[in-house]
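Q: Please go through this model with me. I would like each label tested against its definition.

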Amino acid sequence: MKTTILVALVVSAGPFLRAADTITPLDVKLGQWESSMTMETSGLPPIPPELLDRLPPEQRAKMEERLKANASKGPRTTTHKSCLKKEDLDKALSFGNDQKNCTRNIVTSNRSKQEIRMECTAGGGKQSGTIRVEAVNSENVKGSTEMTMSGAGRTMNMNSTFSAKWLGPTCSEP
C-alpha cells in the first residue's frame, strides 16, 4: 500500500479527506517513513437493508458469516513504507470539512499534536470518531483512532493505534 503515514492514519475515515483550512501541519521530516498500524473491529458494518434484501438467502448468509469471521479475528497489524511530501502534511486530518453531511471539531492542532472529532450522516447511518496524532519528535509519530459506524440496526467499532519512524529524506517509491 503506497500512502503517507498521516494519510494511513485516516484509512478508516478515507471518504472524508479534504483540503486543509485550519489544520496546523505536524513538525515532522519529509521523506521515507515506515509505519506500523494495529486495527481491531467489533460488530457488523451497517449495511442498508435494501442491499441485503437484494441478495439471495445463501449469498446473504455467506456474506454475514464472512463479516462475523473477520470481526472475530482480533487485532491485525500492518507495516508499510511511504513517502511523506509537504502537500500530504498540509491536507492530513482535515477530512469532513467540505461535506454537508459531516461536521468536525478540531480539539487540538499544533506542530506536535492533532486531535479531531468528527461526525457524519449518510444513507440513514451515522459515523463518528476521534483521531489523535502526536509528533513525539520530528522523526517519530504515534497516534490512535476510535470510530463507530451505526445504521440499519448494526454498529461497528474500529479502533487503531499506530507508530511511525522516519527512515530518511529520499523516498524509494516512484
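**Strands, disulfide, pocket**

A: β5 and β6 run antiparallel, and 11 bridges join them. This is a predicted model, in which local features need pLDDT of at least 70, side-chain atom pairs count only at pLDDT 80 or more, and totals for chains, interfaces and linings use all residues. Residues are numbered from 1 along each chain as its sequence is written, and side-chain values use heavy atoms, with hydrogens and water left out.

Q: What makes β5 and β6 a pair?
A: Two strands pair if DSSP finds at least two bridges between them. β5 and β6 have 11 bridges, so they qualify. Strands are DSSP runs of E, at least two residues, numbered from the N terminus. Ala135 stands opposite Val141 in β6. A hairpin joins β5 to β6 through 2 residues.

Q: How do you know that β6 also pairs with β7?
A: The same test applies. β6 and β7 share 12 bridges in the antiparallel sense, and at least two are needed. Val141 has Ala164 as its bridge partner in β7. β6 and β7 form a hairpin with 2 residues between them. Ala152 in that turn has a positive phi of about 55 degrees.

Q: Which strands does β1 pair with?
A: β1 (residues 31-43) pairs with β2 (residues 76-84) over 9 bridges, antiparallel. β1 also pairs with β7 (residues 154-168), antiparallel, over 12 bridges. Met37 stands opposite Thr78 in β2. Thr41 stands opposite Met158 in β7.

Q: Why is the link between Cys83 and Cys171 called a disulfide?
A: The cut-off is a pair of cysteine sulfur atoms within 2.5 Å. Cys83 and Cys171 have S to S 2.0 Å, so the pair meets it. A search of the whole structure finds 2 disulfides.

Q: Why is the disulfide of Cys83 and Cys171 right-handed?
A: The torsion about its S-S bond is about 75 degrees, so it is right-handed. Cys83 lies in strand β2 and Cys171 in the segment after β7, so the pair ties together parts that are 88 residues apart in sequence.

Q: What lines the largest pocket?
A: A pocket is an open set of points on a 1 Å grid over the protein atoms alone, where a 1.4 Å probe fits, with protein on both sides within 12 Å along at least five of seven lines; lining residues have an atom within 4 Å of a point. Of the 18 lining residues, the closest to the centre are Pro46, Ala122, Gly125, Lys126 and Gln127. β4 (113-122), β5 (125-137) and β6 (140-151) each give two or more residues to the lining.

Q: What is the mean pLDDT of the chain?
A: The mean is 81, and 81% of residues reach 70 or more. pLDDT is the predictor's confidence in each residue, from 0 to 100. Over residues 1-21 the pLDDT is below 50. Where pLDDT is low, the predicted coordinates should not be read in detail.

Notes:
Contact means heavy atoms within 4.5 Å. Helices (H or I, at least four residues) and strands (E, at least two) are DSSP runs, numbered from the N terminus.
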